[in-house]
Amino acid sequence: MTEVTAPMTGIVHQLNVTPGAAVAEGDGVVVLESMKMHIPVPAPRAGTVQEIRVKEGDFVEEGAVLFVIG
Amino acid sequence: MANIERLRAVAARVKAGGPQRYHERLREQGKMFARERLRLLLDDLDEFIEDGLLARCEDEELPADAVVTGVGRIGGRTVCIMASDSTVKAGSWGARTVEKIVRIQEKALSLNVPIVYLVDSAGGRITDQVEMFPGRRHAGRIFYNQVKMSGRVPQVCILFGPSPAGAAYLPALSDLVIMVDKNASAYLGSPRMAEMVIGEKVDHEAMGGARMHCSVSGLGDVLAANEEEAIESAKRYLAYMPDNWRERPAEAERAAPASATPVSEIVPKDQNTPFDMYRLIDALVDGGSFFEIKKEFAPELITGFARLEGRPVGIVANQPAVKGGVLFSDSADKGARFVWMCNAYNIPLLFLADVPGFMIGSKVEREGIIRHGAKMICAVSEATVPKISVIVRKAYGAGLYAMAGPAFEPDYTLAFPNAQIAIMGPEAAINAVYYNKIQELPEEERPAYVARLRREYAEDIDIFRLASELIVDAVIEPDELRQELIRRFAACAGKRETFTERRNPVYPV
């Protein structure tokens, strides 16, 4: 299980997958918006998205867990 | 003539270092013996001018007092060397060790040549503390000398093993710190000490390992996979450095860029879309010349040396692919230190700006992002080497200042045709300035109103308008950037300026 965290404080702009989806390393799972920039948060490794802990529009602090890959 | 035999015997014994079992341990750890490291680093170990070989020679347990010092050649240039010998008392420092280190530093200063510290040491010998710790020419003098040498002669530290407690200031006060992954470590208090004194349980690697220092603390500049790579990195770095602050770095063979992708295809038009700044650098600089500093630390800002038709240049570039290229406290520190290094050693600076500004929010305010940002602005202001700032896509807010905007005496401010320079981008500005007016309107009228305001704002900060106001010196086509930079840096070759006269600025740190 790998917990993937927000690289910086911002708002969840877009979720590209739903739990259960298979992802390859580097696939953009979540896109944050911060400082008016789109910040893609990629899967750090291949696997299955076990859980997504945020929804679009959520405010997240740097370091908050966004999703879990198993 | 008995003493000739004696000299040969003692010299041979001393050059073999400590007991065999410690040599074997080195091999198990993937480490080299100090003199083997020197064989790789120096052009010719047989020409090495070694002094103090006979330090503590009457004590069979202390060959050379655990350190090799002398003058050698790297790439044909004279360089002073200090190398810990960890087979002797774990490379620890006694009175003569310290005296040897102090002397080789004094030698580097008087010869006006770089110094390389090859460190693998358990630190000061506590049993000898009165002879090596507190006095005038004791360990403190090593660090005093380093501060005095900083900005006069290049100082490179390769950390092959530990450098604990006070000895950790040796890497901290060097210009460049190369750390060997898994073997190098630096901490003020060891994990054992931390457990005893503050109750924290933490392992060696997490406390002060190479990877931690190169990615989190910022003490390390280059993370090397092994000792050979570390030594190679030191040579590459020195190739970018002059012998001392009065001289200029050497030129090299010119080479075509590694990537033939046109710059115009690399930079997206949309301001909010990330792109990889490394692709732009690859398309811009001589192939194979890019030598990155602090690659793993604060990667939202890229710093490194490269060459343009063989001439050295220091690059400071925002990386929109990481955290949108926003500047943080760590990236500001990283940028400031790199700019100071380039300015100290006559390396022209190239800023590639694509920056949404400094990060905002309560978290970064509490960690002091204002004073960290001020540090970078300070370094950029002080830099009098040729400096060119290129606005690649945008430079908003104090990001413009940190990236050597027009007020900071760049020799040239250049911009690509889609670039924007503003206090903030159109979206943020309209939302912030017209918030109340937008809220007063019926909801269905808001989108059209906002769109109109953004259009007007964008026209106001249009790059042709800024060029017309002489804010930027030239708007250039992206595909012509390399040639443009080569010409403009060549034109700056004769620049010699002093920023101002004073004892020292009061640095915002």
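Which residues in helix 14 of chain B meet which residues in helix 16 of chain B? The first view answers this for a predicted model, in which local features need pLDDT of at least 70, side-chain atom pairs count only at pLDDT 80 or more, and totals for chains, interfaces and linings use all residues. Residues are numbered from 1 along each chain as its sequence is written, chains are lettered from A and ligands numbered from 1 in the order in which they are written, and side-chain values use heavy atoms, with hydrogens and water left out.

**View 1. Contact of helix 14 with helix 16 in chain B.** From helix 14 of chain B come B:Ser329, B:Ser331, B:Ala332, B:Asp333, B:Gly335, B:Ala336, B:Val339, B:Trp340 and B:Asn343; they meet B:Ile369, B:His372, B:Gly373, B:Lys375, B:Met376, B:Ala379, B:Val380 and B:Glu382 of helix 16 of chain B (contact: heavy atoms within 4.5 Å). Sorted by class, this contact has eight nonpolar, six polar and three charged residues (nonpolar: Ala, Val, Leu, Ile, Met, Phe, Trp, Tyr, Cys and Pro; charged: Asp, Glu, Lys and Arg; polar: the others, Gly among them).

**View 2. Axes of helix 14 and helix 16 of chain B.** The axes of helix 14 (residues 329–344) and helix 16 (residues 369–382) of chain B come within 8 Å and cross at roughly 20° (axes are lines fitted to C-alpha atoms, for helices over the stretch in contact; angles run from 0 to 180 degrees between N-to-C directions). Helix 14 and helix 16 of chain B are therefore roughly parallel (under 35 degrees; over 145 is roughly antiparallel, 65 to 115 roughly perpendicular and the rest oblique). Helices are DSSP runs of H or I with at least four residues, and strands are runs of E with at least two, numbered from the N terminus.

**View 3. Packing of helix 18 and helix 20 of chain B.** Helix 18 (residues 426–433) and helix 20 (residues 446–460) of chain B pack at about 120°, with axes 9 Å apart, which makes helix 18 of chain B oblique to helix 20 of chain B. B:Pro426, B:Glu427, B:Ala429, B:Ile430 and B:Asn431 of helix 18 touch B:Val450, B:Leu453, B:Arg454 and B:Tyr457 of helix 20.

**View 4. Open sheet of chain A.** Four strands are ordered 5-4-2-7 with antiparallel pairing (strands pair if DSSP finds at least two bridges between them). Strand 5 (37–42) and strand 7 (59–60) of chain A stand at the edges, each with a single partner strand, so one side of each lacks a neighbour in the sheet. Six bridges join strand 4 (residues 28–34) of chain A to strand 5 of chain A, and A:Val31 has A:Pro40 as its bridge partner.
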